[in-house]
Amino acid sequence: MDEMLKESGLSTWGQFQEKLINYVSNPELWTGLLFTVIKIILIFVAARVIIKVAEKALQHMMMARDKGPIKFDARRSKTVGKLVGNIITYVVNFIMILMILSQFQVNLGPVLAGAGVVGLAIGFGAQSLVKDVITGFFIIFEDQFAVGDVIQVGNYKGTVEEIGLRVTRVKSWTGEVHIIPNGTIVQVTNFSVNNSLAVIDVSVSYETDIDFAMKILEDTVKTFYDTNVDMVKQPEVLGIHTMGATEVTLRITAECKPNQQSGVARKLNAEIKKAFEANGIQIPYPRMITYHRTEKAES
């Protein structure tokens, strides 16, 4: 009895091996697999080409729109272009995945139906994701900020690199990239919408002729304005701002292009220092005050 079972098992295993060898050595199998792999590669390459062509077409459309007779907001055009590019990428990748699945004889009807049910479940469960998408839509629709703007969201300040449907990428001036979910953006400060104002305070000693110092400042800022492209109009020397214990502070204001006030202030401070040195005007140094104690002579 045991020998019969043993022979039966060996016979079954031999049949399985024979079928496996016949299946693996079947040239039709490898031909079909080769064609499937080639189709998948072609689908993948076609998807990449479509995405690249769409990006180039969007760039061309944005350039043609900027050069057209009707001028549009370049900030908003750039933002919408990036958003449309992201949507095209998502759609093409989704279609590519469906086409690859179809090469493996996967019935796409149940897959799409299941995806719809899963999407509905995600919509109920992932409320934060839905909030991010809705907030991102209103950020773009209301033009709160655009790609290239300098903004501050909470403790993060930097240049907007990308506004997506779910997250916004902000790059700080030191190189860090902050990825902020749109749903968490409650309050945002945009530094790139209106012109900025540079405020420069210059201190001179009490011995300085104030009228002469203001004349030097006026000539300096006028010369600086003629050579600087980041200022909107000529700086104004407002006059005496404060009088301290050892110095008189003169204030200058300069209207600059958006987010350029810091660079203008640094360069203007350097020019003022050179002008003061050339005209003998000294910036006050801290003075040490000495107190003398008098003692009454003992009677």
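1. Which element gives the most to the lining of the second largest pocket? That's α7, with four residues. For the terms, a pocket is an open set of points on a 1 Å grid over the protein atoms alone, where a 1.4 Å probe fits, with protein on both sides within 12 Å along at least five of seven lines, and lining residues have an atom within 4 Å of a point. Helices (H or I, at least four residues) and strands (E, at least two) are DSSP runs, numbered from the N terminus.

2. Keep in mind that this is a predicted model, where local features need pLDDT of at least 70, side-chain atom pairs count only at pLDDT 80 or more, and totals for chains, interfaces and linings use all residues. Residues are numbered from 1 along each chain as its sequence is written, and side-chain values use heavy atoms, with hydrogens and water left out.

3. Back to the pocket: 13 residues line it, and Val150, Lys157, Trp173, Asn259 and Ser262 sit closest to its centre. Both β2 (156-163) and α7 (261-278) give two or more residues to that lining.

4. On to salt bridges (a side-chain nitrogen of Lys or Arg within 4 Å of a carboxyl oxygen of Asp or Glu): the structure holds six. One of them pairs Arg251 with Asp201 at 2.7 Å, N to O. Arg251 is in strand β8 (residues 248-256) and Asp201 in strand β6 (residues 196-204), 50 residues apart.

5. Lys215 and Asp219 also form a salt bridge, with their closest N and O atoms 2.8 Å apart. Both lie in helix α6 (residues 210-227), four residues apart, about one turn of the helix.

6. Glu255 meets Lys233 in a salt bridge at 3.7 Å, N to O. Glu255 lies in strand β8 and Lys233 in the loop between α6 and β7 (236-243), so the pair ties together parts 22 residues apart in sequence.
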